[in-house]
Amino acid sequence: MILRGRAWTFGENISTDLIIPGRYAHLRGDLAELAKHTLEDIRPEFASTVRPGDIVVGGRNFGIGSSREHAVLVLKWLGVNAVVATSIARIFFRNCINAGLLAIEMETTGIEDGDELEVDLTAHVLRDRTKSFQRSFSPLPKVMRVILSEGGVVPYIRKYGRFPEEHL
Amino acid sequence: MGKTMIEKIIGMHIGRDVRPWEIVVLPVDLVYAHDWSGPLVIARFREMGFTTIRHPERVAFFLDHSSPSSSKEIATLHSLLRTFAREQGCRLFDVGEGVCHVLVAERLARPTDVIIGADSHTCMLGAFGAFATGMGATDVAIAIALAQTWIRVPPTIAVRVHGKLPRGVYAKDLILSVIGHLGASGAEYRCLEFSGEGVTSLSMEERLVLTNMVVEAGAKCGIIATDEETRRYLKEHGREEVFQPLCSDSDAPYEAVIEIEADAMEPMIALPHHVENVRPISHPECQQVTIDQVYIGSCTNGRFEDLKVAAEILRGRRVAPGTRLIVTPGSRDVYQRALRTGILDVFIEAGGIINSPGCGACPGSHVGILGDGERCLSSTNRNFQGRMGNPKAFIYLASPATCAASAIEGRITDPRRFLP
């Protein structure tokens with residue numbers, strides 16, 4: 001499987017407070033409204049111009065801070081196809097997989113805003129078609145691939161009623 | 001080879017030995033969520049097709065982040081949580097009871113427990129010799145439905161603190177120093193285990209500060225061996241019978257060991273906008289920093305001892321003109337003790353404001369949002385841009401003592417100036 005999308009690049013230590021600030025906690029019951037404020041403190045144009053399929057690219061520690069799952073849900077709501085970052089904070093990473101949003105940890109230097117990216121999930125390679133380079137990444141553990149292939153952990157549990165224990 | 005505390009707790013829950021990096025399915029003893037995460041927990045629980053919580057006695061909800069409610073939308077989410085808790089027969093701590101982690105420490109946490117919370121600072125409960133970690137709402141929904149979760153067994157990094165913290169230096173300064181050393185992801189996926197005289201000499205209330213902030217270095221959990229102080233705290237809170245001895249084996253395999261000399265430490269400040277941005281208070285970047293708002297509260301530093309040490313500094317003094325002081329007790333119990341011992345009077349006479357127990361200004365939804373360009377010195381755990389409600393404000397983190405001293409001077413001030 002190959003995902004294609006434009007890159008939106010962010011720096012290091014992008015916290016969940018920056019992705020979806022606590023001051024909008026009252027909108028957590030309304031994802032459509034909440035998503036309008038995604039990343040607005042650093043990229044005010046993000047929510048209105050991001051296109052389905054786009055890829056969020058971060059540096060070190062993407063998604064640090066609070067465990068708020070809405071930080072993942074708003075990205076998914078806006079159609080973001082994957083989060084690719086040099087490193088991804090532990091809880092945010094787990095929330096991505098649970099929500100069925102592809103999350104890949106790999107070196108992201110050299111990727112710039114608007115670059116056309118291809119994430120090849122069979123060859124485990126990211127290609128920057130604008131810059132004409134490619135870089136490989138480690139495949140996710142099997143249990144996470146199984147969860148992603150079902151569209152997230154909620155559809156998985158609804159279908160099987162238990163953890164994918166045989167894939168641990 | 002010996003075992004670390006985390007390996008022992010996980011092993012006793014699944015009935016076999018475990019090793020770091022293994023993924024295991026683990027039964028949980030306590031699961032909780034709050035008013036910002038709980039509604040999504042409930043939605044996910046239902047989406048997965050569950051109708052009944054398997055062990056309602058192991059589940060609790062807390063209305064703390066916007067407490068009392070800050071808007072009609074939040075009030076409606078509060079109602080949803082109250083109804084769900086009543087229908088399922090699980091505990092609900094309503095507005096005004098306090099911050100979830102503070103209440104779990106006072107009333108529910110037990111040594112060797114596995115505790116999962118839909119909040120990143122759940123790791124605080126590791127100070128009881130428990131395995132406690134924060135997860136997203138979906139994981140917590142699964143944990144309440146199946147009474148289990150999956151987890152990667154974390155390797156442990158030992159933090160050995162030699163000597164005792166000197167006067168004016170607190171657990172907050174110690175953990176800020178550790179985070180400054182490790183960086184925001186220096187302990188990613190790991191357990192941080194605190195030991196040594198600098199830790200065993202601390203009260204439980206102070207030890208909780210250490211484990212509260214391990215997540216700011218990326219750690220999955222923090223842990224401290226149980227001892228007579230753990231027993232004393234549990235007894236004081238009416239549940240001595242849950243005490244259990246727990247410590248790592250002398251030949252336990254640590255991934256790394258960090259040695260810290262406590263007696264050389266000084267008060268520390270985390271500068272905006274990252275917790276890892278730590279400097280000693282004598283550093284040039286901490287000089288002449290004027291402060292608009294001082295905030296004392298939160299799961300990190302909103303306990304009785306925190307308010308007491310701040311009040312000792314503020315007694316008979318006034319908050320500087322142009323600076324405001326907001327104090328938020330971490331729980332109803334803290335509030336009442338501070339009231340009965342005259343501590344609240346000290347804050348009020350100094351010109352401070354007392355908010356109702358809860359998260360207050362820390363997560364940025366109400367009761368203390370900062371103005372554009374303002375600087376806040378806060379006893380909380382995060383200074384990320386936008387954290388306290390305004391992306392154009394600047395948050396500095398420090399101990400309650402440093403907060404109190406700085407409130408008097410209106411700028412970042414070394415608390416040792418005011419201590420006997």
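The model is a predicted one. In chain B, helix H2 (residues 38–47) crosses helix H3 (residues 72–88), and H2(B) also crosses H5(B). Chain B touches chain A through 45 of its residues, which meet 37 residues of chain A.

**Helix H2 against helix H3 in chain B**

- Two packed helices are described by the angle between their axes and the distance between the axes.
- For helix H2 (residues 38–47) and helix H3 (residues 72–88) of chain B, the axes come within 9 Å and the crossing angle is roughly 55°.
- H2(B) is therefore oblique to H3(B).
- The crossing of these two helices, H2(B) and H3(B), is left-handed.
- From H2(B), the contact involves B:Gly38, B:Pro39 and B:Ile42, while H3(B) contributes B:Leu77, B:Leu80, B:Leu81 and B:Phe84.
- Sorted by class, the contact of H2(B) with H3(B) holds 6 nonpolar residues, 1 polar residue and no charged residues.

**Helix H2 against helix H5 in chain B**

- The axes of H2(B) and H5(B) come within 8 Å, crossing at roughly 60°.
- At that angle, H2(B) is oblique to H5(B).
- This crossing of H2(B) and H5(B) is right-handed.
- On the H2(B) side, B:Leu40, B:Val41, B:Arg44 and B:Phe45 take part; they meet B:Ala137, B:Thr138, B:Val140, B:Ala141, B:Ile144 and B:Ala145 of H5(B).
- The contact of H2(B) with H5(B) comprises 8 nonpolar, 1 polar and 1 charged residues.

**Chain B against chain A**

- Contact between the two chains involves 45 residues of chain B and 37 residues of chain A.
- Strand S1 (23–27), H2, H3 and helix H5 (137–146) of chain B are the elements that each give two or more residues to the side touching chain A.
- The residues on that side of chain B comprise 18 nonpolar, 18 polar and 9 charged.

**Helix H9 of chain B**

- Within helix H9 (residues 228–236) of chain B, the residues B:Thr230, B:Tyr233 and B:Leu234 are buried.
- Viewed down the axis of H9(B), its buried residues fall within an arc of 95°, so they line one face of the helix.
- B:Glu228, B:Lys235 and B:Glu236 are exposed on the other side of H9(B).
- Helix H8 (204–212) of chain B is included in what covers the buried residues of H9(B).

Methods. Residues numbered from 1 in each chain as written. Chains lettered and ligands numbered in written order. Predicted model: local features only at pLDDT ≥ 70, side-chain atom pairs only at ≥ 80, totals over all residues. Axes fitted to C-alpha atoms, helices over the stretch in contact; angles between N-to-C directions. Helix = DSSP H or I, 4+ residues; strand = E, 2+ residues; numbered from the N terminus. Parallel < 35°, antiparallel > 145°, perpendicular 65-115°, else oblique. Left-handed = near helix turned anticlockwise from the far one by under 90°. Contact = placed C-beta atoms within 7 Å. Nonpolar A, V, L, I, M, F, W, Y, C, P; charged D, E, K, R; others polar. Buried ≥ 20, exposed ≤ 12 C-beta atoms within 10 Å, placed from the backbone. Arc of directions from axis to C-beta.
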